Amino acid sequence: MTGLAYPAISPIVFSAGFFELRWYSLAYLLGILAGWWLVVKRNKKYDLGLSRNNVDDLAFYVTLGIILGGRLGYVLFYGNGQYWAHPWQIFAIWQGGMSFHGGIIGVIMAMLFFAHKIKYSFLKLTDLVSPVVPIGIFLGRLANFTNDELWGRVTDVAWAVRFPRGGYLPRHPSQIYEACSEGIVLFIVLNWLWQKKWCREHTGFISSMFLLGYAACRTLVEQFREPDAQIGFLWGHITMGQCLSAPLILLGTYLIWRAWRNQK
């Protein structure tokens, strides 16, 4: 049989009584903590005008946006109406089901509110946060792999993996593709841009690079990823993930134009 055998990885890191720590929850926790730590360091180094309490509060609002936006986004974009018949399942986050695009919307809303609250530039906040987001994406996609979910389409490439929930058919490990592109590559590019004074001073530019970079990576990897069973393909071979990435491209393009206009 072609393809690599899926490693026997338990989705549970450890359990004690009724408490279970899952890799997916741990990925979110570590991603948020790592992002918070890096933002604290950069705020201090570049004197961005935020107090330590501001940064701590920002982490709370971003976390809230990730959880609420990610869950509601999944319900609206991928739920296919099943949650309206059983609305209490919307709150069963432990059963899985989070949308990254929904998480982006949730974080944007949370940061808009927070920026208004502390009277700080919204786009300066997004420029500060955007370079650390790929950390969470990387860890989250690895967690998708350990959970045996969001695998790719059937293929005959040498590195194909036979996922148990994928019918033991050789499939693209699309979770790893996303972890490498949306996680590692995007992190390197955005943090390289952050080191450039021009990029930092042109408010919104780094945020635009995040939106365009993520949308490009996601659109490409969707060519190898198996569409969600309850959704399938939308038109031809267009997937929901590709459709949701299109607005990010438009928004990112607008922010580039805005940064260029402000320079003029």
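The legends below describe several close-up views of one predicted model.

Residues are numbered from 1 along each chain as its sequence is written, and side-chain values rest on heavy atoms, with hydrogens and water left out. Because the model is predicted, local features need pLDDT of at least 70 and side-chain atom pairs count only at pLDDT 80 or more, whereas totals for chains, interfaces and linings use all residues.

**View 1. Helix 1 packs against helix 2.**
Helices (H or I, at least four residues) and strands (E, at least two) are DSSP runs numbered from the N terminus. Helix 1 and helix 2 meet at an angle of about 150 degrees, and their axes are 10 Å apart; the axes are lines fitted to C-alpha atoms, for helices over the stretch in contact, and angles run from 0 to 180 degrees between N-to-C directions. The two helices are therefore roughly antiparallel to each other, given that angles under 35 degrees count as roughly parallel, over 145 as roughly antiparallel, 65 to 115 as roughly perpendicular and the rest as oblique. On the side of helix 1 the contact (heavy atoms within 4.5 Å) is made by Tyr28, Ile32, Trp36, Val39, Val40 and Asn43, and on the side of helix 2 by Arg52, Val55, Asp56, Ala59, Thr63 and Ile66.

Most residues other than glycine have a negative phi.

**View 2. Glycine 102 is a buried residue of helix 4.**
Helix 4 covers residues 100-118 and includes glycine 102, which counts as buried because its relative accessibility is 3%. Not counting residues up to four places away in sequence, glycine 102 touches Gly69, Gly70, Gly73 and Phe77. From glycine 102 to aspartate 228 the distance is 16 Å, C-alpha to C-alpha, and the two are 126 residues apart in sequence.

**View 3. Aspartate 127 lies in helix 5, which packs against helix 9.**
Aspartate 127, in helix 5 (residues 122-129), is buried yet has no salt bridge, and the nearest side chain of opposite charge, that of arginine 258, is 7.8 Å away. For charge, Lys and Arg count as positive and Asp and Glu as negative, while His and the chain ends are not counted; a salt bridge is a side-chain nitrogen of Lys or Arg within 4 Å of a carboxyl oxygen of Asp or Glu. Leaving aside neighbours within four places in sequence, aspartate 127 is in contact with Trp194, His202, Thr203, Gly204, Phe205, Ile206 and Ser207. Helix 5 and helix 9 (residues 205-221) pack at an angle of about 55 degrees with their axes 7 Å apart, and they are therefore oblique to each other. Leu123, Thr126 and Asp127 of helix 5 make this contact with Phe205, Ile206 and Ser207 of helix 9. The crossing of these two helices is left-handed.

**View 4. A network of salt bridges links Arg141, Glu178, Glu182, Arg218, Glu222 and Arg225.**
The whole structure holds 10 salt bridges. In one of them, glutamate 178 pairs with arginine 141, with the closest N and O atoms 3.2 Å apart. Glutamate 178 lies in helix 7 (residues 174-194) and arginine 141 in helix 6, so this pair ties together parts that are 37 residues apart in sequence. Both glutamate 178 and arginine 141 are buried. Arginine 141 also forms a salt bridge with glutamate 182, the closest N and O atoms being 3.8 Å apart, and this pair again links helix 6 with helix 7, across 41 residues. Glutamate 182 is buried as well. Arginine 225 bridges to glutamate 222 with closest N and O atoms 3.5 Å apart; arginine 225 counts as buried at 5% relative accessibility, and glutamate 222 counts as buried at 4%.

Conventions. Buried means under 20% relative accessible area, exposed over 50%, partly exposed in between (1.4 Å probe, protein chains only). A crossing is left-handed if the near helix is turned anticlockwise from the far one by less than a right angle, and right-handed if clockwise.
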